[in-house]
Amino acid sequence: MRIEDLSETLLAGVRRGMVIPAQPLALDAQRRLDPRYQTALTRYYIDAGAGGIAVGVHTTQFAIRDPNVGLFQPVLQLVAREIDAYAGTKGREIFKVAGLCGDTSQAVAEATFAVSQGYHAGLLSLAALAGESDARLLAHCREVAEVMPVIGFYLQPAVGGRVLSYGFWREFAEIENVIAIKMAPFNRYQTLDVVRAVCDAGREEAITLYTGNDDNIIADLITEYRIVTAAGPRSVRIRGGLLGHWSVWTRRAVEMLERLQALPGAGGDIPAEWLRQNIEVTDCNAAFFDAANRFAGCIPGIHEVLRRQGLLPGTWCLDPDEVLSPGQAEEIDRVLASYPHLNDDDFVRAHLSQWLA
């Protein structure tokens, strides 16, 4: 599958920038897949206005690939079918992103399955190749990109990623079937490495930049990068986000991105309110992702926000030891009380029974 196989509508949406929530895994109290709530989450993201949905990624729990769990294929299949059915009733196309992990044989097999289920791109994690050379990593990426369009992924080391050099990203940007890059190193220097590499390769029109920096979402989206290259100056922006943070309060994320996308075309200065709101969003993320404990409770934290809204039945993870950290629930209480304008509780309340039907 190639980028040019995507519909004009989908490709235009990717290029403009969209909200792509990283979908959590819905489990019941016995830690089994709960199709009813998995479906409700999918419907929520579609009705909230998300342009895409990512499944099988970190927020979905990498352990779905464990042979003793065996949920990678069932979850991707369930979500893809519901996206097509539900979005079809709305006359919409949703950009379906599959998380791809493991060594080359595993990643290729996952990509092949994703294509068979109608996924449009693969978010390619390199965590399993942490000790490999840049040359080996690039060979891996090229092989997977032969199967389907690839979204590059700079994952922060604190949750399993590795530091990737400017040189790696410069060569990665030359791979023809790369449609986007999600930058999530939670590091300004490393984010800039990716932006520079794409511009130096002259690929800023072909590769759309997405933020995964949950600690700096709004600032990423309002910043114009002006990069001086050998071919002259280039200007590029981060167009959208593929974010675990946007798996909650998604309706507000969509509204926010639409307002931010309108700012550069207005030709004026960026209102200071956006800098303030950037800090508010980051404060919420610190509570949800458990930054105080090196992100140990990031997945249960997301689950807890969704549980409070009724979108998940509980905070259960596949690993029984993966639970909210001490004090994390109180931190979530604090940010909920401090920033009520950031939640979409009213929207969820109005539609929840329909999504769960």
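A salt bridge here is a side-chain nitrogen of Lys or Arg within 4 Å of a carboxyl oxygen of Asp or Glu. The exercises below use a predicted model.

**Exercise 1.** Decide what joins the side chains of Arg170 and Glu174, and classify the exposure of each residue.

*Solution.* 
Step 1. The N to O distance between the two side chains is 2.6 Å, and Arg170 and Glu174 meet in a salt bridge.
Step 2. Arg170 has 25% relative accessibility, so Arg170 counts as partly exposed.
Step 3. Glu174 has 43% relative accessibility, so Glu174 counts as partly exposed.

**Exercise 2.** Locate the partners of the salt bridge between Arg237 and Glu224, and state whether each is buried or partly exposed.

*Solution.* 
Step 1. The side chains of Arg237 and Glu224 meet with an N to O distance of 3.8 Å.
Step 2. Arg237 belongs to strand S9 (residues 232-243) and Glu224 to strand S8 (residues 224-229); the partners are 13 residues apart, and the pair links distant parts of the chain.
Step 3. The relative accessibility of Arg237 is 18%, so Arg237 counts as buried.
Step 4. Glu224 has a relative accessible area of 33%, so Glu224 is partly exposed.

**Exercise 3.** Characterise the largest nonpolar core and the contacts of Phe288.

*Solution.* 
Step 1. The largest nonpolar core contains 128 residues, and Phe95, Phe172, Ile181 and Phe288 have the most contacts inside it.
Step 2. Helix H3 (residues 72-89) gives the most to this core, contributing eight residues.
Step 3. Leaving aside residues up to four places away in sequence, Phe288 touches His245, Val248, Trp249, Gly297, Cys298, Gly301, Ile302, Val305, Gln328, Ile332 and Val335.
Step 4. As background, nonpolar side chains tend to be buried together in soluble globular proteins.

Conventions
Residues numbered from 1 in each chain as written. Predicted model: local features only at pLDDT ≥ 70, side-chain atom pairs only at ≥ 80, totals over all residues. Heavy atoms only, no water. Core = buried A, V, L, I, M, F, W, Y, C linked by side-chain atoms within 4.5 Å. Buried < 20%, exposed > 50% of the residue type's maximum accessible area, 1.4 Å probe, protein only. Helix = DSSP H or I, 4+ residues; strand = E, 2+ residues; numbered from the N terminus. Contact = heavy atoms within 4.5 Å.
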